[in-house]
Amino acid sequence: MSNDFIRFLAAWALVHETADEGWKAAVSRGGEAGRGKGMEGGPEAFVDGLAAMVAEEKERLKEEIQKGTAHPASDSPADGGSMEEIRFEIGLIRARLETMETSLDKILKRLDEAGGRKAPSSSGEK
Amino acid sequence: MSARYRKILSVLAKRWLLGLVDARLGLVPSGRRREAFARQARLACEELGTSFIKIGQLISVRPDVFSSELVFELEKLRDRVPPMNYEVIREVITGEFGCPPEDLFSSFEKEAMASASIAQVHRAKLTGEARPAWGDPLPEGSDVVVKVIRPNVEETITADLEMARRFISRVKKTGLLRRVDVDSLLDQIEASLGREMDMRIEGRTAERFAFNFRRDEGIIIPRVVWKRTTKSVLTMEYIEGWPLSELASARKAGIDTHALALYGARAFMKQVLEHGLFHADLHHANLFATPDNRIAYLDFGIFDTLTAVERENVAHVLAALVYRDADRALKYSSGLGVKIRPDRIEKMRLELGRLMDRTLIGGSADEGPDMKHFGMGFMSLLKKYGVDIPVGYGLLVKSLVTVEGVSRGLYPDIDIIDTARPFVTRVLAGSLGDPARLKERIPAAVRAAVRELLV
C-alpha cells in the first residue's frame, strides 16, 4: 500500500515535471515565433502562442500582486467597462440633444425673422 | 432624352470603345482585358462627375459583385474638384444654423483646405468650449475643421441614380445583366449615399471609434463639436499631421513609419476582431501620421459592423490563413454566410489549398505572404463556383487587402497575417473558455485522458 502511494506520488511528480518542461518549451517557442517572420507549423503554433501570452499575463499578474494592485478576475475591468459604456451612451444622447438644440435655435431665428419676435416683445410690453 | 442622359450615354460609349482599343479588340489575355475596361470605367466616372465618382467609390467596396480588377481600379478614384465660392458655403452654413460662420466661430478661413464632390472643408476656430460624447472637452479657441455638404448634391445624385436605373432597365432587357441583381445593388448604393450625406451619422461613428480606442494612445480620432454639427455640416477637431499619401514629408520629419505600419495593421485587427466595427475606406488620404508618431483616422463615411459570432468566425478564418488550412477557412466562412454546394466543397478545398500555398508563402526569402493576390484569387474562386458572397464578407476581404497595401506603403516587409496572430489566439482561447463549449467538450476530453492513462 505504502509502495503504491509512493508510486502514485512519483507518477504525480513526473506528470507535473513533464508538464512543466513542456509548458516552458511552449512558452519559449511561442515567444520565438512572435519575433519571427510568420506563423507556420500548424495548430501546435497556436498552443505555443497561447502559452507565451499566458506567460506574459502571469508576469503582469505577479507584478500587480507585488504592488498590491491586483483585482479578482471578475472584479473591476468588466464593471468599469460597462460604466464607461453607459457614460459613452449618455454622451451620445447629449450630443443628439445639442444638435437638436442647434436646429431649434435655427427655427426660432427664422420665426424671429418672419416677424415672430414681435409677439414676445409685445407681450412683454403689456 | 435629356442632355444629361445623352452625355452619360456618349461618355459610356466613348470609354467602351477606348477600352476595346486598349484591350486590342479583346485579343489580350482576360486579366489584361478586364484591367483595360476597368481603367476606362474609372475615367468615365471622373468625367461624369459627383454622382458617378461616388457610385464608383461605392463599387470599389463591393468585391462580392464586381471583378477584382474593377474594384482595385475604382479604389483610385479621388474626387478633387475645384472648391466652391465661399459665399455659397456661407449660405449653406447660414441655412443650417440660422446665422453665418462669423457668428458661429471666432475665425473661419474663406479658402477651402480640401474640396471633394460631396463636401468641402474649411478651417476655423471655436468660440466656446465643446464637449464630445467621449474624451476631454475641446477648449475655446481650438482649431477645428468644418465639413460642409455642397448645395443640391443630394438632388443631383438622386437624379443621376434615377437615370442609371432607367439605363440599366434597358440594358437588362438585352439579357446582359442576368447574373447581377442591379436593382438591389442600386438600392444599396442609394442607402449608402444617404448615410454618407448625413454628417450626424459620420460624427456618431467617429465618436464610437474614439470610445473603442480609448485605451490606445497610438490612435487619434478627431473629437466632434456637436453644437456646430447638423445634417449638412460636421465640425471636428483639427489634427496636425501628414496624410499617408505624403509619406516623404513625414519621413523627413522623423516619423517612424515601420512602427506606424505595425500599429496601424494591429489597430485594424482590433477593429475587426475585438470592436466589431471597422473602417471600410482606409485609403492613404483617410489616414494621417501625426508629429508625435500616432495614427489619426479621418472620414468615417464607410464602415461595417460584425456581431460577436461573426467575429469568432472571422478569427477562425484568419487562423486558417495563418495555418494555411483550407478546410477550416471554408468551414468558418459558411458561418459568415458563404454557402457552398456540398458537391463542390472538395474541389474548392483543393483549389483554395493551392491558392494559399501560392500566395500566403513568400516565393523567396524577401517575399512575405501576399494578401492582395490571395483576396483577389479567393473572390474569383467563389465566383467561379457560383457562390453568393455576402456584402460584409466581401468588404472585409477587400479591407484586409487595402490595409495590407497601406501598411506596405509604410513598411514593405510587413506580414499582415502575422499581425492578426495575437488577436486570433485571444479570440480562439476565449471561445475555448466559453462554458457552453467546455460543457460540450468535457466528456470527450475526459475519455481521451482516461484512454491516455490506460494505454
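Predicted model: local features only at pLDDT ≥ 70, side-chain atom pairs only at ≥ 80, totals over all residues.

Biologist: How is a pair of aromatic rings described?

Modeller: Two quantities are used, namely the distance of the ring centres and the angle of the planes. In this structure there are 11 aromatic pairs over all chains. For A:Phe88 and B:Phe211, the centres are 4.5 Å apart and the planes stand at 10°, so this pair is stacked. The angle decides the matter, because planes under 30 degrees apart count as stacked.

Biologist: Where do A:Phe88 and B:Phe211 lie?

Modeller: A:Phe88 belongs to helix α3 (residues 76–116) of chain A, and B:Phe211 belongs to helix α9 (residues 199–212) of chain B, so the pair joins two chains. A:Phe88 has 0% relative accessibility and counts as buried. B:Phe211 is buried as well, with a relative accessible area of 1%.

Biologist: Which class of pair do B:Phe378 and B:Tyr393 form?

Modeller: Their centres are 6.3 Å apart and their planes meet at 65°, so the pair is edge-to-face. This pair links distant parts of the chain: B:Phe378 is in helix α15 (residues 371–384) and B:Tyr393 in helix α16 (residues 391–410), both of chain B, and the two are 15 residues apart. B:Phe378 is buried at a relative accessible area of 4%, and B:Tyr393 is buried at 7%.

Biologist: Which residues do ring pairs link into a cluster?

Modeller: The cluster consists of B:Phe209, B:Phe213, B:Tyr297 and B:Phe300.

Biologist: Which charged side chains sit over a ring?

Modeller: The ring of B:Phe211 has the charged end of B:Arg214 over it, 3.9 Å from the ring centre. In another case, B:Lys372 lies over the face of B:Phe72, at 4.7 Å from the ring centre.

Biologist: How many residues of chain A and chain B are in contact?

Modeller: The contact involves 31 residues of chain A and 33 residues of chain B. About 2,900 Å² is buried between the two chains, 57% of it on carbon and sulfur atoms. There are four salt bridges between chain A and chain B. One of them joins the side chains of A:Glu85 and B:Arg208, with 3.2 Å from N to O.

Biologist: Let us turn to the strands. How do the strands of a sheet pair?

Modeller: They pair through backbone hydrogen bonds, in either the parallel or the antiparallel sense. Consider strand β3 (residues 119–126) of chain B, in which six of the eight residues are buried. Strand β1 (residues 105–108) of chain B runs antiparallel to β3(B) and is joined to it by three bridges; here B:Phe108 stands opposite B:Ala124. Strand β2 (residues 114–115) of chain B also pairs with β3(B) in the antiparallel sense, over two bridges, and B:Ser115 stands opposite B:Gln120. A hairpin of three residues connects β2(B) to β3(B). With strand β4 (residues 143–149) of chain B, β3(B) forms seven bridges, again antiparallel; B:Lys125 has B:Asp143 as its bridge partner.

Biologist: Is B:Arg150 buried or exposed?

Modeller: B:Arg150 is buried, because its relative accessible area of 13% falls under the 20% limit. B:Arg150 lies in the loop between β4 and α7 (153–173) of chain B. Among the residues that B:Arg150 touches are B:Pro82, B:Met84, B:Ser115 and B:Gln120.

Biologist: Which strands stand at the edges of the open sheet in chain B?

Modeller: The sheet has four strands in the order β5-β10-β9-β7, with mixed pairing. β5 (219–220) and β7 (242–243) of chain B stand at the edges; each has a single partner strand, so one side of each is left without a neighbour in the sheet. β5(B) runs parallel to strand β10 (residues 295–297) of chain B, joined by two bridges, and B:Ile220 has B:Ala296 as its bridge partner.

Key. Residues numbered from 1 in each chain as written. Chains lettered and ligands numbered in written order. Heavy atoms only, no water. Phe/Tyr/Trp six-rings, centres within 6.5 Å; stacked < 30°, edge-to-face > 60°. Buried < 20%, exposed > 50% of the residue type's maximum accessible area, 1.4 Å probe, protein only. Lys NZ or Arg CZ within 6 Å of the ring centre and 35° of its normal. Pairing = 2+ DSSP bridges. Contact = heavy atoms within 4.5 Å. Buried area = accessible area lost by both parts, 1.4 Å probe. Lists of a residue's contacts leave out its neighbours within four places in sequence.
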